[in-house]
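Morning, everyone. I will take a few minutes on side-chain packing, and you can follow along on the screen.

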Amino acid sequence: MTSPTSLPSSRVSKTTALVLSLLFVLCAAVSAQSVTVLPAGSLEFPVGMFIDAQDRVWITEAGTGSGQTGKVTRYDPATGITQTVFSGFASVTDGEGNIWGVHHMAQDPNNSDAILLSQGGLMGTVEKWSSIPGAVNPRTTHQVGNFVVGAGLSTNTYSVAADTMNNLYVVDAAANAIVKIDSSGGMSVFATFPTLSPLGQA
């Protein structure tokens, strides 16, 4: 399989964690009118985040680069509690030292208890998880990476969104494309992006 486009090196993971932590602080300050710091060291390679209707901050963590260390963490500024909501996601390190794991996520607009998660690199999946305690997860899994590779493209399943018609839209960073998953699970290329020249080149 063709190597996916590189993420930022794991050597800058601590800096990334610190920057994201500062963003989380700002989000919490807006909703709770107080500042609570999430220590950068408490997050294992954070990648994505969103804020739900209860002003809780959800954070994806790609993990340590080995084992099943990827997870989703949720911080509630109203209570000051940070907890792991989902865990056990695969986390791998490629030959260049880049960490691959759970990337971005979104809340299902049709079901506030459902969270959509993308797993990048060679994993290449989009899954729907239920945040209801005791639920069997994942609820559904879509092998987006296999579809993209089958179309003759490189793959790095990176981000996901949903509409109110139960369609999913997945950004593949290596394919420079958006893959649509319809309500029955069928996949198609929804849009493609031109390959841009490196900065400074015509």
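This is a predicted model: local features need pLDDT of at least 70, side-chain atom pairs count only at pLDDT 80 or more; totals for chains, interfaces and linings use all residues.

Start with the cores. In soluble globular proteins, nonpolar side chains tend to be buried together. Here the largest nonpolar core has 11 residues. Among them are L116, V126, V144, L168 and I181. Which elements supply at least two residues each? They are α2, at 144–150, β12, at 168–172, and β13, at 177–181. The largest share, 3 residues, comes from β13. There is also another core, apart from this one, with 10 residues, including F50, F89, M105 and L117.

Take one member of the largest core, L116. Leaving out residues up to four places away in sequence, L116 touches V160, A162 and L168, among others. Its list of contacts also includes D108 and K128, and I will come back to those two.

Next, the aromatic residues. The structure holds 5 aromatic pairs. One of them is F86 with W129: the ring centres are 5.1 Å apart and the planes are at 50°, so this pair is tilted. F86 is in strand β4, residues 81–89, and W129 is in strand β9, residues 125–130, so the pair ties together parts that are 43 residues apart in sequence. Are these two buried or exposed? F86 has 4% relative accessibility and counts as buried. W129, at 11%, counts as buried as well.

A second pair is Y169 with F190, which is edge-to-face, with 5.1 Å centre to centre and 70° between the planes. Y169 sits in strand β12 and F190 in strand β14, residues 187–192, which puts the partners 21 residues apart. F190 is at 48% relative accessibility, so it counts as partly exposed; the cut-off for exposed is over 50%.

Back to F86 and W129 for a moment: together with F50, W58 and F89 they form one aromatic cluster.

Last, the charged side chains. How many salt bridges does a search of the whole structure find? It finds 2. In one, R56 pairs with D52, and the closest N and O atoms are 2.8 Å apart. D52 is buried, at 4% relative accessibility.

The other joins D108 and K128, with the closest N and O atoms 3.1 Å apart. D108 is in the loop between β7 and β8, while K128 is in strand β9, 20 residues away. D108 counts as buried at 5% relative accessibility, whereas K128 is partly exposed at 24%. As I said, L116 touches both D108 and K128.

That is the end of my part.

Key. Residues are numbered from 1 along each chain as its sequence is written. Side-chain values use heavy atoms; hydrogens and water are left out. A nonpolar core is a set of buried Ala, Val, Leu, Ile, Met, Phe, Trp, Tyr and Cys residues joined through side-chain atoms within 4.5 Å. Buried means under 20% relative accessible area, exposed over 50%, partly exposed in between (1.4 Å probe, protein chains only). Helices (H or I, at least four residues) and strands (E, at least two) are DSSP runs, numbered from the N terminus. Contact means heavy atoms within 4.5 Å. Rings of Phe, Tyr and Trp (its six-membered ring) pair if their centres lie within 6.5 Å; planes under 30 degrees apart count as stacked, over 60 as edge-to-face and the rest as tilted. A salt bridge is a side-chain nitrogen of Lys or Arg within 4 Å of a carboxyl oxygen of Asp or Glu.
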